[in-house]
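Me: I have a model open and want to go through a few local features. Can we take them one at a time?

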Amino acid sequence: QMKASIWIIPPPPYLDTLSAQIKELAHLNDAPPFTPHVTIATNIELDDNIDDAGSLLVEELKGKFHSSFRTSKDGADGGGIPCRFDRSKGFMTGYNNGKDLVWSQACVGIIQRDERLIRAVELAKRCLYESKYVIGIKDEASLVVEFASPLKEPHLSFAYKLSEINNDTVKTIFGECLPEDFISSEMVLMKTNPLSVDGVADWVPIGSFAL
């Protein structure tokens with residue numbers, strides 16, 4: 001079954017800088033590189049019986065966000081989503097579920113729950129709930145705003161790994177401080193299948209649109 005995730009990504013040239021840092025951190029830790037992002041929704045099951053279900057879902061999301069999310073055509077925020085790091089937490093590494101290290105949260109920075117970020121999650125979940133291109137369990141519980149366990153907070157990952165990241169390599173690449181805050185102006189539907197650390201190399205974008 002095709003699995004997908006909805007991401008928001010940093011703008012260029014910040015995207016290029018952060019991508020290079022994540023790639024270098026991955027190299028130093030024998031881990032897979034990936035595009036920097038904040039996950040809006042994940043584990044989305046696309047209907048394999050519908051041709052181009054992923055591309056059609058992108059167009060559906062685009063229509064929803066352009067009609068309902070932007071404050072105005074010439075809004076001061078341009079329709080973007082502020083991504084501000086919680087600097088009181090710093091880099092969080094070795095996050096686990098009480099037993100095993102969670103590979104997708106091996107090294108993260110917590111993102112503050114900005115009102116527009118929460119609105120984006122709500123709108124995306126509503127669109128997935130109503131879309132004929134998405135299958136799986138659809139009930140009111142699927143509309144609840146929540147983020148991946150065990151962290152359960154919006155975040156940007158800097159590394160994916162099944163074992164602990166070397167904290168010295170994080171300092172080598174990033175220093176003592178989290179990267180700069182940013183405003184995301186692009187949403188991506190990403191094929192994240194298989195949803196595992198070994199599958200990261202096979203992840204590819206299905207489509208994207210400007211917010």
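**Working through the model**

Me: Tyr 160 and Trp 203, buried or exposed?
Reply: Tyr 160 and Trp 203 are both buried (under 20% relative accessible area with a 1.4 Å probe, protein chains only; exposed is over 50%, partly exposed in between). The model is predicted, so local features need pLDDT of at least 70 and side-chain atom pairs 80 or more, while totals for chains, interfaces and linings use all residues. Numbering starts from 1 along each chain as its sequence is written, and side-chain values use heavy atoms, without hydrogens and water.

Me: How many aromatic pairs does the structure hold?
Reply: There are 11 aromatic pairs (Phe, Tyr or Trp six-membered ring centres within 6.5 Å; planes under 30 degrees apart are stacked, over 60 edge-to-face, the rest tilted). Tyr 160 and Trp 203 make an edge-to-face one, with centres 5.9 Å apart and 65° between the planes. That pair joins distant parts of the chain, 43 residues apart: Tyr 160 sits in the loop between strand 7 (155-159) and helix 4 (167-174), Trp 203 in the loop between strand 9 (186-191) and strand 10 (204-210). Helices (H or I, at least four residues) and strands (E, at least two) are DSSP runs numbered from the N terminus.

Me: Switching to helix 1. Which of its residues are buried?
Reply: Tyr 14, Leu 15, Leu 18, Ile 22, Leu 25 and Ala 26. They lie on the same side of helix 1, because their arc around the axis is only 100° (taken from the directions from the axis to the C-beta atoms). The face turned away from that buried side carries exposed Asp 16, Lys 23 and His 27.

Me: Why does the length of helix 1 agree with what it should span?
Reply: At 1.5 Å a residue, the 15 residues 14-28 should span 21 Å, and the end C-alpha atoms are 21 Å apart. The expected span uses one less than the number of residues.

Me: Which element gives the most to the lining of the largest pocket?
Reply: Strand 2, with seven residues. The lining has 36 residues in total, and Thr 39, Ala 41, Thr 42, Asn 43 and Ile 44 lie nearest the pocket centre. Strand 1 (3-9), strand 2 (38-46), helix 3 (115-130), strand 6 (134-135) and strand 7 supply at least two residues each. A pocket here is an open set of points on a 1 Å grid over the protein atoms alone, with protein on both sides within 12 Å along at least five of seven lines; lining residues have an atom within 4 Å of a point.

Me: Last one. Where is Met 187?
Reply: In strand 9. Met 187 counts as buried because its relative accessibility is 1%. Its C-alpha atom is 15 Å from that of Pro 154, 33 residues apart along the chain.

Definitions and conventions. 1 Å grid on protein atoms, 1.4 Å probe; cavity = no way out; pocket = protein on both sides within 12 Å on 5 of 7 lines; lining within 4 Å.
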